[in-house]
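Here are my notes for your reading. Please keep the model open while you go through them.

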Amino acid sequence: MRYLLACLLMFPGLLMAEEEVVLGLSKKHVSITTTFDGSEILIFGAVKRESPVPDTELHVVITVAGPSRPVTVRRKAKWLGLIWVNNAAVEVDLAPSFYAVASTGPMSDVLSATENLRHRISIENAIRSVGAPDNVTDSAAFTKAVIRIRRNADLYQQLEGQVALDQQTLFRTAIKMPANLTEGDYTTRIFLAREGKVISHQETTIEVRKVGLERWLFNMSRQSPALYGLMSLAIAIAAGWGASAAFRLARRD
Amino acid sequence: MGFPTGLDEHMQIYLPIAEMSVNAFLLLGLGGLVGVLSGMFGVGGGFLMTPLLFFIGIPPAVAVATEANQIVASSFSGVLAHFRRQTVDIKMGTVLLVGGLIGAALGIVLFNYLKSLGQVDLLVKLFYVVFLGVVGGLMFIESLNTIRKTRKSGGEIKARRQRTWIQTLPFKMRFRTSGLYISVIPPVAVGILVGILAAIMGVGGGFIMVPAMIYILGMPTKVVVGTSLFQIMFVTAFTTMLHATTNFTVDIVLAVLLLVGGVIGAQFGTKIGLKMKAENLRIWLAIMVLAVCGKLAMDLLLQPTELFSLGVGGH
C-alpha cells in the first residue's frame, strides 16, 4: 500500500514531460493544381511548460517526410567497353519521397547519435534498405545515391540552424517543397531536445493532393485507362484540327 | 513568338502524368520549333520532338507515348486534306496498316519487357541513334549527289524503280489507285517495321515508309504522302491506346501544348519551305537529323556525371 502511494506521488513527474510542444502550421493541405510550382509551409509553435526554464540549452528539430515507397536504384557501367548501360540494381525498400529536417543548430550538437537513430531523424536514418542482390557488394553506395540524387532535386533537405527559437519558447521554420511532389500524407514531427536527448515530441500530417483537372486526369488514367486513351485521342484530334481550321479561316479573311 | 516575356516565370504548368512542372511557353516553343521544321521539310517531326522532350527532362516512356498521341492529331488534318484531293490509296493503306498494327503490338511487348529490366531508356535511345544516323547519313549523301548532278547536267533526275524480286512473290493484289499489281508481303513487312518504330520511338515512321513506298513498292509519288499519313494515323492511335492501357504514360496536357505550338509553327514553316530550294532543304534536314543523333550518341558514349538513377517501385 505504501509502495503504491509512493508510485502515485512519483507519477505526475514521470508522465507529464516538463516541457511540451504546441504546434501550428501555415497550411494543412497542399494542393497540386495545373499551375503548381512548389509550396512553402511555415511550421511554428511554442514550448508549454509548468516549471521554470531549465539551465541547459533547448533545441528544436522539425522533420517533414513524404510518403515512403520502394525505390529501384540502378547503376550504369560501361558495356562492351562502348556505351553506358544500367547493369546493377538495388531495391531500397523504404525511402521517403520527400524529407526535410530543420534544426536550431548542427545535428551533432542537437541530438546524440542514439537518439537520432531511435527516432530516425536525420536523412540517413530515415532511409531503410534491406537486401542487395548477390552481385552487388557495395549496397551502401546505392543508398547514398538515393540521398545525393534527391538532395540535388531539393527533395531531401538538411536545414541545420534553420529553426528560429525566441526566448526559449517560440520557434518557427519554413520548408520549401519543390514542384515535383508525390501525393500523400506528409508526416511532420517536432522534437524538443536538451543535452542531446529528446524530451518531448509531437506529430501531425500535411496532406498533399492533386486537385481539380490534375486529379481528374491522373485518376482517370489509372482507373479507366482505355477511356482515358480514347479521350486523349479525341482531345488531341479536336485541338489539332481546330487550330488548323482557325488558321485557314484567319488566312481567308 | 511575340509572347510577353515577363509572363514566362508565372507560366509553369504541372503535367499530371509526367508528374513534373514545366514552363508552358517552353513546350509551346518546342512544339512551334518542330512545327516550323515539319512545315518546311514536309516531315512529321516526331523523330525530332521525342529526343527534344528527353533533353528537357521528360521521362522517355512519357515522351514516347505522348508523342504518339500528338502524331495522331497532326496527321488527322493532313489525311483530311489528302482525302479531299483523292491522293490516298485506301487499299494499300489498309494493307500497310495491318502490318503496322502487328508491328506496334510487337513493339509494345518489347518496350514493356525492357521496361521491366530497367533498360527501356537504352532501347529507345539506341533505336534513335541507329535510325537517325542511317537516315540522316543517307539523306546527306543523296542530297549532296543531287546538288552535284544538277550543277553538272542542269537537272533531270531519273526515277529509280526496282521491281525484280518483288514481282516473284506470291499473294498478289491489285491496287487501283497506285496502278500496281504486287504481292502483299512487301507492304505488310514495311508496315510491321514502321509499327515497331512507332511503338518504341514515338514516331510516325514517315521517314522510313515514304522512301520504302517509292523505291521498294514502286508507288506513284502523288499518293505516297496521303497513304502514309493514313497508315500513320491509325498505327499511332493504336500505339497511344496500348501505352495508355499498359504503361499509363500518355500525358494529354503535354500533348495539347505541343500540338498547339506545332500547328502554329507548321503554318510559318510551310511558307519558309516554299521559298527554299528542295536540295538545300534536304541537306539542312539531314544535318539536323545527324546533330540530334550525335547528341544522343554522346549521352550513351560519354561517362554520365551521375551513374545512378532512381525508379519508383512497382514499375
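1. Which residues have the most contacts inside the largest nonpolar core? They are A:Val61, B:Leu15 and B:Val72, and the core has 146 residues. A nonpolar core here is a set of buried Ala, Val, Leu, Ile, Met, Phe, Trp, Tyr and Cys residues joined through C-beta atoms within 7 Å. Buried means that 20 or more other C-beta atoms lie within 10 Å of the residue's own, with C-beta atoms placed from the backbone; exposed means 12 or fewer, and partly exposed is in between.

2. Before going on, note the basis. This is a predicted model: local features need pLDDT of at least 70, side-chain atom pairs count only at pLDDT 80 or more, and totals for chains, interfaces and linings use all residues. Residues are numbered from 1 along each chain as its sequence is written, and chains are lettered from A and ligands numbered from 1 in the order in which they are written.

3. Back to the core, which has 146 residues. Helix H8 (residues 221-246) of chain B gives the most to this core, with 13 residues. Helices (H or I, at least four residues) and strands (E, at least two) are DSSP runs, numbered from the N terminus. In general, nonpolar side chains tend to be buried together in soluble globular proteins.

4. Look at B:Val72. Its contacts include A:Leu233, A:Ala236 and A:Ile237 in chain A, and B:Met233 and B:Thr236 in chain B, not counting residues up to four places away in sequence. Contact means C-beta atoms, placed from the backbone, within 7 Å.

5. Now the interface. 46 residues of chain A are in contact with 44 residues of chain B. On the chain A side, H7(A) provides the largest share, 15 residues. By class, that side has 27 nonpolar, 11 polar and eight charged residues. Ala, Val, Leu, Ile, Met, Phe, Trp, Tyr, Cys and Pro count as nonpolar, Asp, Glu, Lys and Arg as charged, and the others, Gly among them, as polar.

6. Chain A has an open sheet of six strands, in the order E2-E12-E11-E4-E7-E8, with mixed pairing. Strands pair if DSSP finds at least two bridges between them. E2 (29-32) and E8 (156-160) of chain A stand at the edges with a single partner strand each, so one side of each has no neighbour in the sheet.

7. Within chain A, E4 (residues 58-65) and E7 (residues 99-103) run antiparallel, joined by five bridges. A:Ile62 stands opposite A:Ala102 in E7(A).

8. Chain B has a hairpin of E1(B) and E2(B), with four residues between them. B:Glu19 in the turn has a positive phi of about 55 degrees.

Definitions and conventions: Contact = placed C-beta atoms within 7 Å.
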